[in-house]
Amino acid sequence: MANTQATRILTDKQIRQKIERIAFEIYEENHAYEEIAFVGVAPTGYHLAEALSGEYKKISRQAVGLYEIEVDKQAPVCGDVQLKAAPELLSNRPVVLVDDVLNTGRTLIYALQPFYRIAIPKLQIAVLVYRDHKLFPVVPDFVGLSLSTTLQNHVEVKKEGSLWACYLY
């Protein structure tokens, strides 16, 4: 975001703490299952799903799958939603759909499409930042930070190398 003043709202350490806490919350809700799948919305949601699944493996003996889903965030109606996993890899296990920021719910409502055709026992949503400008009926199950902003604000989660940061513009 050029020529815009950015405020760091989460440091690398804070993001890692939130990822660890969310992993424990996910475990509390899903410990009875033999397997679990994390599906991240590309690109940053996938990186978060990767980090969450890594933390989850530290606290659980469950089999953990990690998959990616691509949604055109600028024009989700025009583009295909591409789930990069065979349905049989997700069926009969809980799925945690992961994205970096939930603003209006538009991206995630489209990301849900492929799961309508897969027999999963439950689908949960995890986000690092929840802005609650609901235009679509999407509410996350697991949240790192709830943030009051205006629609004119922009929240961006960045991962550069192994370091995380979250900015408000």
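# Sheet, helices and ring pairs in a predicted model

User: How are the six strands of the open sheet arranged?

Analyst: In this predicted model, six strands form an open sheet in the order S4-S3-S2-S5-S6-S7, with mixed pairing.

User: What makes S4 and S7 the edge strands?

Analyst: Strand S4 (82–83) and strand S7 (142–146) each pair on one side only.

User: How do you know that strand S6 and S7 pair, and in which sense?

Analyst: A pair of strands requires at least two bridges. Strand S6 (residues 123–130) and S7 have four bridges, in the parallel sense, and therefore meet that requirement. Within S7, Leu145 stands opposite Val129.

User: Which strands of the sheet does H1 touch?

Analyst: H1 packs on the sheet and touches strand S2 (35–41), strand S5 (95–102), S6 and S7. The direction of H1 makes about 150 degrees with that of S7. H2 also packs on the sheet, touching S2, strand S3 (63–70), S5 and S6, and its direction makes about 155 degrees with that of S2.

User: How do H1 and H2 pack, and which residues meet?

Analyst: The axes of H1 and H2 are 9 Å apart and the packing angle is about 60 degrees. The crossing of H1 and H2 is right-handed. Residues of H1 including Ile19, Phe24, Ile26 and Tyr27 meet residues of H2, among them Leu48, Leu52, Tyr56 and Ile59.

User: Why is the aromatic pair of Tyr27 and Tyr56 called edge-to-face?

Analyst: By the ring rule, the count comes to three aromatic pairs. For Tyr27 and Tyr56, the centre to centre distance is 6.0 Å and the planes are 65 degrees apart.

User: Why is the pair of Tyr167 and Tyr169 called tilted?

Analyst: The ring centres of Tyr167 and Tyr169 are 6.4 Å apart, and the planes make 45 degrees. Tyr167 is buried at a relative accessible area of 18%, and Tyr169 is buried at 13%; both values are under 20%.

User: Why is strand S9 described as largely enclosed?

Analyst: Five of the six residues of strand S9 (residues 163–168) are buried, so the strand is largely enclosed by the rest of the structure.

User: How do you know that S9 pairs with strand S1 and strand S8?

Analyst: At least two bridges are needed for a pair. Strand S1 (residues 7–10) and S9 have three, in the antiparallel sense, and Arg8 stands opposite Tyr167. Strand S8 (residues 155–160) and S9 have six, also antiparallel; therefore both pairs qualify. Lys158 stands opposite Ala165, and Glu160 has Leu163 as its bridge partner in S9. The hairpin of S8 and S9 has two residues between the strands, and Gly161 takes a positive phi near 70 degrees there.

User: What makes up the largest nonpolar core?

Analyst: The core has 26 residues, and those with the most contacts inside it are Ile26, Phe38, Leu52, Val98, Ala126 and Val129. At least two residues of this core come from each of H1, S2, H2, S5, S6, S8 and S9, and H1 supplies the largest share, five residues. Another core, of 25 residues, lies apart from it and includes Ala37, Tyr110, Val127 and Val138.

User: Which residues does Val129 touch beyond four places away in sequence?

Analyst: Val129 touches Leu10, Asp100, Val101, Leu102, Leu145, Leu147, Val155 and Cys166.

Conventions:
Residues numbered from 1 in each chain as written. Predicted model: local features only at pLDDT ≥ 70, side-chain atom pairs only at ≥ 80, totals over all residues. Heavy atoms only, no water. Phe/Tyr/Trp six-rings, centres within 6.5 Å; stacked < 30°, edge-to-face > 60°. Buried < 20%, exposed > 50% of the residue type's maximum accessible area, 1.4 Å probe, protein only. Contact = heavy atoms within 4.5 Å. Axes fitted to C-alpha atoms, helices over the stretch in contact; angles between N-to-C directions. Core = buried A, V, L, I, M, F, W, Y, C linked by side-chain atoms within 4.5 Å. Left-handed = near helix turned anticlockwise from the far one by under 90°.
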